[in-house]
Amino acid sequence: MNRFATKQCTVGRVLSFAGIGVHNGKPASLTIEPAAVDSGYRIRRKFDDDRFSEVIPLQHNRVSRTYLCTAVDLGDAGTVSMIEHMVSALSGMGIDNVLITVESSECPVLDGSARKYVEAIINAGIETQPAEKKFIKIKRSVTVRSNDAFAALEPYNGRAFDVEIDFESDVIGRQRMIFDWSPKRYVNDVSNARTFGFIKDAKVLRQAGYALGSSLENSIAVDEGKILNQDGLRFEDEFVRHKLLDAVGDLALAGMPIYGKFRSYKGGHGLNALVLNSLFASEQNYDIVSASDLPLEFDALEELPEGLELRGYIRSVG
């Protein structure tokens with residue numbers, strides 16, 4: 001068993017990203033830096049005059065809006081939206097501790113998936129750290145519902161996702177993906193799946209101030225039973241894979257990786273946030289455990305994507 005299976009991890013160096021916000025259409029950029037053990041995901045805002053806001057834990061109790069994306073409240077620094085793709089990449093790659101600095105009110109959409117975040121992490125490598133990984137172990141099932149849609153967290157010996165969608169669209173229809181997590185499987189099966197939208201909704205969304213930066217370069221466009229993107233889909237079921245990508249990011253706001261199974265039907269950012277709120281409503285629902293407390297052999301944590309370099313922890317980060 002390698003150290004990645006049991007030790008906390010951070011990114012190998014500072015990572016920088018720039019693009020536009022898919023909703024506000026404005027320039028967007030962020031950096032992801034190595035961070036100390038047990039710090040989790042922390043976030044701050046950098047302003048035009050080079051001032052920084054207070055550093056805030058990036059956790060579920062900071063979620064302020066879930067319409068079309070996940071937005072978090074940074075207090076006096078305002079809100080930052082579309083955090084889910086970036087956080088999905090971190091969680092999907094098994095990263096425990098980073099400092100995120102955003103320079104706009106929205107994270108860059110890049111190509112509409114988590115691919116560019118993942119590629120940067122692989123290129124930079126991952127540093128293992130001198131502390132055990134910690135997990136939120138689900139002890140008791142919790143479920144939230146909205147009409148026939150639901151999201152649930154259940155006890156399970158591993159880290160699994162079971163996501164199903166059902167759209168009144170011949171292009172999408174009903175799709176389901178069951179995913180037992182590992183970094184390699186996340187990279188190959190999830191990270192490339194892009195966000196999507198319907199042309200019939202575009203005018204109303206833009207009038208409301210959303211999707212102003214959306215294009216065929218960063219979104220799958222569905223119109224009258226066909227895909228408008230010239231190159232088509234990356235996966236036959238790319239739509240449900242992207243919903244799973246979103247769920248990985250939204251659930252990472254638990255503050256630690258969840259040891260259990262997530263299930264959803266017709267879910268989305270709103271139900272993902274609500275199921276975390278329900279989980280933490282009672283300490284009877286979960287335990288916080290270290291890697292050595294779990295019965296799993298951690299095969300998933302040892303299944304690494306091609307090209308990823310693991311390095312021992314050799315520096316001090318704040």
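This is a predicted model: local features need pLDDT of at least 70, side-chain atom pairs count only at pLDDT 80 or more; totals for chains, interfaces and linings use all residues.

## Helix α5

Start with α5, which runs over residues 238-251. Its 14 residues reach 20 Å from the first C-alpha to the last, close to the 20 Å expected at 1.5 Å a residue. With buried taken as under 20% relative accessible area, 13 of the 14 residues of α5 are buried, so the helix is largely enclosed by the rest of the structure.

## The largest cavity

There are three cavities of 30 Å³ or more. The largest has a volume of about 90 Å³, and 14 residues line it, with Arg159, Phe161, Leu251, Pro257 and Ile258 the closest to its centre.

Which elements build this lining? At least two residues each come from β14 (159-166), α5 and β19 (258-265). β19 has the largest share, at four residues. By class, you get ten nonpolar residues, two polar and two charged.

## The second largest cavity

Next comes a space of about 50 Å³. Its lining includes Val163 and Ile165, along with Lys243, Asp246 and Ala247. Phe262, Ser264, Gly267, Gly268 and Asn272 line it too. Here again β14, α5 and β19 are the elements that give two or more residues.

This time α5 gives the most, with three residues.

Note on methods: Residues are numbered from 1 along each chain as its sequence is written. Side-chain values use heavy atoms; hydrogens and water are left out. The expected span of a helix is 1.5 Å times one less than its number of residues. Buried means under 20% relative accessible area, exposed over 50%, partly exposed in between (1.4 Å probe, protein chains only). On a 1 Å grid over the protein atoms alone, a cavity is a set of points where a 1.4 Å probe fits but cannot get out, and a pocket is an open set with protein on both sides within 12 Å along at least five of seven lines; lining residues have an atom within 4 Å of a point. Grid points are joined across faces, edges and corners, and a volume is the space filled by probe spheres set on the points. Ala, Val, Leu, Ile, Met, Phe, Trp, Tyr, Cys and Pro count as nonpolar, Asp, Glu, Lys and Arg as charged, and the others, Gly among them, as polar.
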